[in-house]
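Welcome! Let us walk through this protein together, one region at a time. Keep the picture beside you as you read.

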Amino acid sequence: KIIMAASMLLCLLSGPVSATWREVEAPKRHSEVWDAERRNAVTFPSSSYLPGTTPYENRSLYLTEGADKSIPQNYNHCEQGWCTPNLNQHLPQYCGSCWAHAAISSLQDRIKRIRVEQKKDLGPDITLSVQHILNCPLADKEDENSQVGSCWGGTTDGPYALIKHRFSTQKENDFAAGRGLAYSTENPYLACSSDSTEGFCGQIKDTLLKCEPDNIARNCDTFADYGGSCQAIPEYPNAKIDAYGTINTTAQGTDALKVILVIMKIYYNKLTTIN
């Protein structure tokens, strides 16, 4: 109340204020999701399934007569207690990484669901590192065309391909292979990729944005003035996947969409085995 009264008094003392409004042209937005032509130009693997053929899917739960009539009118994933924190992809500077945030958020939500349903390892939410994806965006270290995205955009299936084929698979001469996707506590979000010059990105391009052990998972022990340093964490908490994919509805049209809705309903409401 004191703050409000003081603010009103300042307004009264300052007298009338005039303002001039002018129209400002809205900034042009860069598309953050690659179109089909750009997506088809990259070489990382893609997994596409027809409805009813995806891994870990029990078709008998929904492919029955009248199954689509049981689809609920409303459904909120978060009301089940399965959502992890919201994030802002555009801080501390603009970065078009919605594709990475969407994929990683979905993955960490799935991890939380498993923990809740199995009543196992309950504790603080596991949040995964989007910056790890931006620092090491090649699904194949030796193939520059296997990049899944950057602050200039990417694909929603790219992060899964990267985690599956690089971070979850051991390979010789690749320190990033087989070690999993780091937690955000080991590699916080900087809203930078090596091709971005927004904000302070250009200043850290050659230090914090390269795909090196220090930029995958690290920790600092104390202030540099006291002899401290930051070092890579050789073995770090991580997440891996063994299957991913998209559902292809082009061959089956609206009937396929009905099946997908029922799949979603069953997956969200039935205790299923999900790896």
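Let us begin with the second largest pocket. By class, six nonpolar, six polar and four charged residues make up its lining. Here Ala, Val, Leu, Ile, Met, Phe, Trp, Tyr, Cys and Pro count as nonpolar, Asp, Glu, Lys and Arg as charged, and the others, Gly among them, as polar. On a 1 Å grid over the protein atoms alone, a pocket is an open set of points where a 1.4 Å probe fits, with protein on both sides within 12 Å along at least five of seven lines, and lining residues have an atom within 4 Å of a point.

Before going further, note that this is a predicted model: local features need pLDDT of at least 70, side-chain atom pairs count only at pLDDT 80 or more, and totals for chains, interfaces and linings use all residues. Residues are numbered from 1 along each chain as its sequence is written, and side-chain values use heavy atoms, with hydrogens and water left out.

How confident is the predictor? The protein chain averages a pLDDT of 76, and 71% of the residues score at least 70; pLDDT is the predictor's confidence in each residue, from 0 to 100. Confidence is lowest in helix 1 (residues 2-14), at a mean of 36, and highest in helix 4, at 94. Helices (H or I, at least four residues) and strands (E, at least two) are DSSP runs, numbered from the N terminus.

Now find helix 5 (residues 158-167), where eight of the ten residues are buried. Buried means under 20% relative accessible area, exposed over 50%, and partly exposed in between (1.4 Å probe, protein chains only). What covers these buried residues? The cover includes helix 3 (98-117), helix 4, strand 4 (181-182) and strand 7 (238-239).

In soluble globular proteins, nonpolar side chains tend to be buried together. A nonpolar core is a set of buried Ala, Val, Leu, Ile, Met, Phe, Trp, Tyr and Cys residues joined through side-chain atoms within 4.5 Å. The largest one here has 35 residues, of which Leu128, Ile133, Ile163 and Phe167 touch the most other members. Helix 3 gives the largest share, six residues.

Finally, look at Lys210, in the loop between helix 6 (201-204) and strand 5 (218-220). Lys210 is partly exposed, with a relative accessible area of 38%. Not counting residues up to four places away in sequence, Lys210 touches Asn135, Lys205 and Asn215, where contact means heavy atoms within 4.5 Å.
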